[in-house]
Amino acid sequence: MKKILLLVSALCWSASMFCEKYQLDIHNLNGGWDCEFDAATATINFNNGTWKGKGWYFGTGEGAFDATAYERVEIKFNAVTFKVQVVVEYAAGGQTKVEAEAGKTECIATFDAEKKNAIVQIYIQNAEEGLLTLTDAYITDGADDPVRNNIVIDFENDELGAFYASIRGGNPAENAEVVENPLKAGEKSIKYICTSYSGQIIFPMTLPNGKTLDDYSGIAFDAYVEGTGDTYKEIEICIGEQQFKNGTYPKVAVAGSWTTTTRTFAEMAFIELNAISGNFDLRLGLNDNQITYYLDNITLIEKVETSVKSLLASDYSLSSSNGTIIINGATTEPVTVYTIDGRIAAQSIGNARIPVSNGLYIVKLGAKVQKLLVK
Ligand SMILES: [Ca+2]
């Protein structure tokens, strides 16, 4: 453990004079049992009974994680219909267990102050079978929790019956209407009756002076779909005329309840985020030819400055040559190479030379993400 402590301290001092967050990689869960995990979408498939586990295994003895400088772990996910439990297991024995009720989007476990100097593992469990998509996970000291100035469209200041324009196949289509929230009396949401593919509602957005879209980490929205079953749909997002849809079908709504979905800009690598400022149209749609759905709380999530760190050495280098991705200076970090449509092209650990086809890739080293053109 001494070794880990020294390494963390060194990184901490080089990055900043204070520590706040230790980022856990939601695309690299190395611990757990009896369930499947899709790294590209950070989705745990609890398909083999209840109270299985998936999470981060640090190790025992010297491998244990020293969380002396931290207070708690926060794990964020898209809402599901079942209870989710987070377990922190200590080298000294014993566990901290915290449950999040169905429909919640986070579970926060405060460490046992007597035992947090050696954490063996942190894992997530399921009260029912189903899919759980992680959106963020980190260990934090809780001090100076950052305030995000998110931009949120919640329709509460719109008149009932007001319309938002929509578009289909590039052409104007039926309007979407501001209506009462179907599940929360007195609140508003927007309703869209979609009868052909690629229907998208247009939300005019305004960024504050001095901000570009690069100051935001991604988009979140709440969806409720009319009907009885859980709903898996391709999500179409357009920033201006630049469209993102990646051919995957995540669960965007849980039967009978509002569900929050988050998409990060890191997966929309083609968008020149820092070129977008002022007013722009955000278009959003669930791709189906026969669907009636409601949206609410369409949110641009502001990035916040924190001293996020990982075990990743700060002086790593990432380059490409002759169809090969070359990583130097990363000793033990997991490496995942994604195509720009989100598929995993290669996985490795630490320093590596990874042959790939020419093209644009997103390379994840530890908790860091970087675009790389290979030619
Ligand atoms: Ca609302």
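Which residue in strand 31 is the bridge partner of V335? The partner is L365.

First, the ground rules. This is a predicted model: local features need pLDDT of at least 70, side-chain atom pairs count only at pLDDT 80 or more, and totals for chains, interfaces and linings use all residues. Residues are numbered from 1 along each chain as its sequence is written.

Now the overview. The protein chain has one helix and 32 strands. Helices (H or I, at least four residues) and strands (E, at least two) are DSSP runs, numbered from the N terminus. Of the chain's 375 residues, 34% count as buried. Buried means that 20 or more other C-beta atoms lie within 10 Å of the residue's own; exposed means 12 or fewer; partly exposed is in between; and C-beta atoms are placed from the backbone. Next, contacts: two residues are in contact if their C-beta atoms, placed from the backbone, lie within 7 Å. Take the contacts in the protein chain with a separation of 6 or more: residues 24 or more positions apart account for 69% of them.

On to the core. The largest nonpolar core has 85 residues. Such a core is a set of buried Ala, Val, Leu, Ile, Met, Phe, Trp, Tyr and Cys residues joined through C-beta atoms within 7 Å. The residues with the most contacts inside it are I75, I119, L132, A223, Y293 and L295. Look at I119. Leaving out residues up to four places away in sequence, I119 touches F58, A64, F65, A67, V88 and Y90.

Back to the opening pair. Strand 28 (residues 334-339) and strand 31 (residues 359-365) run antiparallel, joined by five bridges. Two strands pair if DSSP finds at least two bridges between them. Both strands belong to an open sheet of four, in the order 29-28-31-32, with antiparallel pairing. Strand 29 (344-349) and strand 32 (368-374) are at the edges, each with a single partner strand, so one side of each has no neighbour in the sheet. The twist averages 20° from one strand to the next. For that angle, axes are lines fitted to C-alpha atoms, for helices over the stretch in contact, and angles run from 0 to 180 degrees between N-to-C directions.

Strand 27 (residues 324-328) pairs with strand 30 over four bridges. I326 has R353 as its bridge partner, and I327 has A352. With strand 26, strand 27 pairs over five bridges. There, S321 stands opposite T324. Strand 27 also has two faces: I325 and I327 are on the covered one, while T324, I326 and N328 are on the uncovered one.

Strands 26 and 27 form a hairpin, with two residues between them. In the turn, N322 has a positive phi of about 50°. N322 is exposed, with 9 other C-beta atoms within 10 Å.

Last stop, F155. This residue is not a glycine, yet its phi is positive, about 70°. F155 sits in the loop between strand 12 (151-153) and strand 13 (163-168). Is F155 buried or exposed? F155 counts as buried, with 22 C-beta neighbours inside 10 Å.
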